[in-house]
Amino acid sequence: MYSTKVFVILSFYFSNVFVVSRHYSHTRNGKWVIYDTTYRTKDTIRLNSVIVNKDRLNAKQRYEQKKEDYRLIYFWGDTKDMLGFSNGLSLNLNKLYNKFSKKGRDSRRLQRVFEKEYIQDLVLEKWLPLTKEYTNLENDSLAVFRSYYQPQISWINDCDDYERIAYIVNCLKNYKDSATYIHFIMAIPDSLK
């Protein structure tokens with residue numbers, strides 16, 4: 001005296017197929033018992049093809065690539081040559097709008113971020129190979145040394161090769177004297193410093 005009803009519900013969600021079968025069983029004492037089982041099958045996911053270039057771009061090429069990729073940012077942030085004097089006094093309204101709009105301010109802020117990244121890349125382009133060549137540090141010690149003693153852009157502009165090597169040797173001497181303290185300082189999160 002048992003009656004069983006089986007409902008099969010098929011639902012398609014993206015490329016996955018869900019099959020849900022519910023078994024409702026009625027017993028003699030009037031209680032319903034529900035058994036749920038879910039089967040999930042996946043279809044093949046097709047990925048877009050990716051081209052990997054082995055050529056690494058230098059800092060200048062990466063900066064120029066960003067300028068080309070984000071040319072609208074450079075258009076919205078442009079406020080140069082707002083006034084013209086060709087046949088009298090002329091005012092470029094687009095540049096005036098870019099000067100005072102939120103979109104223009106945000107674009108100029110992003111341009112400054114790109115310039116800071118470019119300067120950082122210039123320093124790292126010289127700093128990383130020299131630290132690898134003139135120090136005998138490896139792995140975590142080398143990473144901590146590089147980040148703790150990383151120089152400013154004036155190191156690139158004002159110093160010649162001999163002064164750069166002397167800076168690295170001096171920093172290495174200081175690092176070896178206080179390596180445990182430097183590792184301790186570098187392990188503390190910035191919010192707690």
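View 1. With a relative accessibility of 35%, Tyr148 is partly exposed, a label for values between the buried range (under 20% relative accessible area) and the exposed one (over 50%), using a 1.4 Å probe and protein chains only. Tyr149 comes in at 12%, so Tyr149 counts as buried. The two make an edge-to-face aromatic pair, with 5.0 Å from centre to centre and 85 degrees between the planes. Pairing here takes rings of Phe, Tyr and Trp (for Trp, the six-membered ring) with centres within 6.5 Å; planes under 30 degrees apart are stacked, over 60 edge-to-face, and the rest tilted. A word on the model: it is predicted, so local features need pLDDT of at least 70 and side-chain atom pairs count only at pLDDT 80 or more, while totals for chains, interfaces and linings use all residues. Numbering starts from 1 along each chain as its sequence is written, and side-chain values use heavy atoms, leaving out hydrogens and water.

**View 2. The whole chain, for orientation.** The protein chain has 8 helices and 5 strands, and from the N terminus they run β-β-β-α-α-β-β-α-α-α-α-α-α. These are DSSP runs numbered from the N terminus: H or I of at least four residues for helices, E of at least two for strands. Of the 193 residues, 21% count as buried. Take the contacts (heavy atoms within 4.5 Å) between residues at least 6 apart in sequence: 45% of them join residues at least 24 apart.

**View 3. Trp127 and Phe145, a stacked pair.** The rule for ring pairs gives a count of 9. In this one, the ring centres sit 6.0 Å apart and the planes are at 20 degrees, so Trp127 and Phe145 are stacked. Trp127 belongs to helix 4 and Phe145 to helix 5, so the pair ties together parts 18 residues apart in sequence. Both Trp127 and Phe145 are buried. Ring pairs also link them into a cluster with Tyr148, Tyr149, Trp155, Tyr167 and Tyr175. Leaving aside residues up to four places away in sequence, Trp127 touches Phe145, Arg146, Tyr149, Gln150, Pro151, Trp155, Tyr167 and Ile168.

**View 4. Helix 5 crossing helix 7.** The axes of helix 5 (residues 139-148) and helix 7 (residues 161-177) come within 11 Å, crossing at roughly 115 degrees. Axes are lines fitted to C-alpha atoms over the stretch in contact, with angles from 0 to 180 degrees between N-to-C directions. On the helix 5 side, Ser141, Val144 and Phe145 meet Ile168, Cys171, Leu172 and Tyr175 of helix 7. By class, that contact has 6 nonpolar residues, 1 polar and no charged ones.

View 5. Asn139 lies in helix 5. Although not a glycine, Asn139 has a positive phi of about 55 degrees. Asn139 is also exposed, with a relative accessible area of 66%.

Definitions and conventions. Nonpolar A, V, L, I, M, F, W, Y, C, P; charged D, E, K, R; others polar.
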